[in-house]
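Colleague: I am new to this structure and would like to learn how to read its features. Please show me the model first.

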Amino acid sequence: MTPELVIRNGTIVDGLGGEPYVGDVAVTGAVITAVGAVAERGRREIDATGLLITPGFVDLHTHYDGQAIWSDRLVPSSAHGVTTAVMGNCGVGFAPCRSEDHDVLVDVMAGVEDIPGVVMTDGLPWTWQTFPEYLDALAARRLDIDVAAYLPHSPLRVYVMGQRGADREPATPADLARMRELAAEAVRAGALGFASSRFAFHKTESGSPIPSYDAGRDELEAIFAGVVDGGGGLIQFVPDIPAGGFEKVLGQVFDVAGEAGLPVTFSLLTGNVGDPLWPEAMALIEKYNAAGGSITAQVFPRPIGLVVGLELTANPFVLYPSYQEIAELPLAERVAQMRKPEVRQRILGDSPGAGHPLLYLAQAWDWMFPLGEQPDYEPDAATSVGARARARGVSPLEEAYDRLLDDDGHAMMMVAMANFENNSLDTVGRWMRRDDVVLGLGDGGAHYGMICDAGFPTFVLTHWTRDRDHGRLTVAEAVRELTSVPARVAGLADRGRIAPGYKADLNILDHAAMRAHKPEITYDLPAGGRRLDQRADGYVATIVSGEVIAEDGCPTAARPGRLVRGRQPAPTA
């Protein structure tokens with residue numbers, strides 16, 4: 001059979017951590033058919049001499065629940081080699097949902113994921129009510145990459161309990177029975193599992209905790225039993241770390257999942273200062289896994305934080321009444337106002353008002369760093385706004401004010417809220433080498449005006465394998481963490497490695513040329529909504545199901561991406 005595509009003479013990185021080797025990869029249809037020395041000519045051939053051939057990357061933590069409906073491209077993720085994105089994380093999403101509860105879910109997504117309400121009301125047709133109907137809407141889409149979805153906790157709770165669910169009232173026995181029934185229905189229809197959150201920072205736009213925040217153990221037991229009834233799946237969970245430590249927060253979820261025989265992946269980070277809490281979490285993972293559990297910590301490979309600027313959702317003065325007086329002016333006019341001495345003095349002498357908790361983090365001076373054209377995500381502490389202010393003999397407010405006006409107001413700064421322990425990523429590097437850790441938390445499709453982390457695969461393959469002075473990963477190790485490991489955790493055994501029979505999701509990479517650009521602002525959301533995007537160099541080609549979706553950083557017209565319904569078995573020999 002003539003292969004439809006043959007990639008010739010590239011350095012094959014198999015996704016399992018094996019030693020890279022030079023060879024060919026043949027593809028027919030959506031499947032890899034041969035690896036090594038391929039004698040047959042393909043209908044199309046790509047010369048990969050001097051380039052890497054890797055499996056497509058799997059991103060376990062995205063929020064493309066809306067974008068996959070209103071757009072056929074899941075960027076930034078697909079621009080950074082991701083070929084499968086898992087949605088519905090943090091227990092938020094758009095289904096199940098009755099028509100009378102649309103505003104409740106929009107309020108949740110606007111607050112938790114920084115998606116403007118008008119984007120959702122204009123961009124979503126709301127042609128579904130049940131979760132299976134939402135999956136059918138996804139299945140009708142033609143996308144650049146594959147998507148899979150968890151059943152999200154907050155919409156499920158509101159669907160079953162109405163306003164009582166939104167108000168976080170305890171579920172009744174009848175509520176629990178209905179949740180179990182709907183969880184089973186969702187998994188049978190193709191949900192990858194179930195996602196929930198108890199993170200205190202996850203609030204609705206109106207300022208309330210999200211519906212799932214303090215759901216009881218009996219509710220978890222009912223829903224997890226429903227997942228089992230439906231055939232099983234992965235439990236994704238965001239804990240509220242400050243609320244009593246990991247044992248109290250995670251123990252209950254681990255216990256209930258263990259009793260149900262379900263795997264769990266949960267978000268883990270480390271504070272920048274103070275006694276670290278993460279060793280307790282790792283000890284818990286080891287304890288439960290030794291007893292037969294299947295638990296992974298989901299970690300982000302660079303600092304977790306915000307991007308702030310005058311064009312973005314957050315900046316150090318966004319809650320100041322004196323700044324709010326001019327906040328709606330066009331950027332050039334606002335910058336002109338801010339350069340006036342009297343306006344500067346008035347803003348600097350003001351105090352912040354009430355707002356979302358995340359916005360107060362935009363004054364973490366010693367963890368705030370300017371982002372240049374080649375963004376530095378492990379910056380020297382001496383370049384922080386706080387350190388620069390001390391060196392200049394001015395207040396951090398003044399230094400931040402001046403930096404916001406750089407580049408005529410287009411300047412951006414990164415606020416490294418977590419994962420930057422002792423001003424380095426050394427702790428993150430140790431995590432990445434553990435078998436009970438998986439990479440994630442890129443949040444593509446959410447936080448459109450304050451986070452641009454979906455390009456983390458490029459960071460892993462540049463900073464962690466090529467540019468860092470110490471603690472590097474090998475290319476084989478890095479590719480494994482981006483491919484077969486998240487695929488295994490998700491239960492997507494048909495992808496994440498280069499071998500005959502596996503799904504033909506592939507990247508061809510010029511490793512030496514790889515780099516991420518500074519995030520940029522685009523206005524391509526529904527209703528002209530704003531979002532942060534990030535381009536990358538070095539992606540010679542990205543292939544999904546055997547079709548090239550991008551070449552040299554430019555998208556093609558191919559849209560082979562489909563909904564992945566549930567866990568997928570490994571191919572037979």
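Modeller: We will take the aromatic pairs, then the charges over rings, then the strands. This is a predicted model, where local features need pLDDT of at least 70 and side-chain atom pairs count only at pLDDT 80 or more, while totals for chains, interfaces and linings use all residues. Residues are numbered from 1 along each chain as its sequence is written, and side-chain values use heavy atoms, with hydrogens and water left out.

Colleague: How many aromatic pairs does the structure hold?

Modeller: A pair of aromatic rings is described by the distance of the centres and the angle of the planes. Rings of Phe, Tyr and Trp (its six-membered ring) pair if their centres lie within 6.5 Å; planes under 30 degrees apart count as stacked, over 60 as edge-to-face and the rest as tilted. The structure holds 14 such pairs. In one of them, the rings of Phe 254 and Tyr 288 have planes at 70 degrees and centres 5.2 Å apart, so the pair is edge-to-face.

Colleague: Where do Phe 254 and Tyr 288 lie in the chain?

Modeller: Helices (H or I, at least four residues) and strands (E, at least two) are DSSP runs, numbered from the N terminus. Phe 254 belongs to helix α9 (residues 245–260) and Tyr 288 to helix α10 (residues 278–290); the pair links distant parts of the chain, 34 residues apart.

Colleague: Is Phe 254 buried or exposed?

Modeller: Buried means under 20% relative accessible area, exposed over 50%, partly exposed in between (1.4 Å probe, protein chains only). Phe 254 has a relative accessible area of 2%, so Phe 254 is buried. Tyr 288 counts as buried too, at 13% relative accessibility.

The next pair is Trp 367 with Phe 420, edge-to-face, with 6.4 Å centre to centre and 85 degrees between the planes. Both residues are in loops: Trp 367 between α14 (357–360) and β15 (368–370), Phe 420 between β16 (413–418) and α17 (426–432), 53 residues apart. Trp 367 counts as buried at 18% relative accessibility, as does Phe 420 at 0%.

Colleague: Which residues do ring pairs link into a cluster?

Modeller: The cluster consists of Phe 94, Trp 126, Trp 128, Phe 131 and Tyr 134.

Colleague: Which ring does the charged end of Arg 98 sit over?

Modeller: A charge sits over a ring if NZ of Lys or CZ of Arg is within 6 Å of the ring centre and within 35 degrees of the ring normal. For Arg 98 the ring is that of Tyr 159, with the charged end 4.2 Å from its centre. Arg 302 lies over the face of Tyr 377, at 3.7 Å from the ring centre.

Colleague: In what order do the six strands of the open sheet run?

Modeller: Two strands pair if DSSP finds at least two bridges between them. The order is β9-β10-β11-β12-β13-β17, with parallel pairing. β9 (151–152) and β17 (437–439) are the edge strands, each pairing on one side only. Within the sheet, β10 (residues 193–197) and β11 (residues 234–238) run parallel and are joined by five bridges; Phe 194 stands opposite Ile 235 in β11.

Colleague: What do β23 and β24 form?

Modeller: They form a hairpin with two residues between them, and Ser 545 in the turn has a positive phi of about 50 degrees. β23 (residues 539–544) and β24 (residues 547–551) pair in the antiparallel sense over four bridges. The bridge partner of Ala 541 is Glu 551 in β24.
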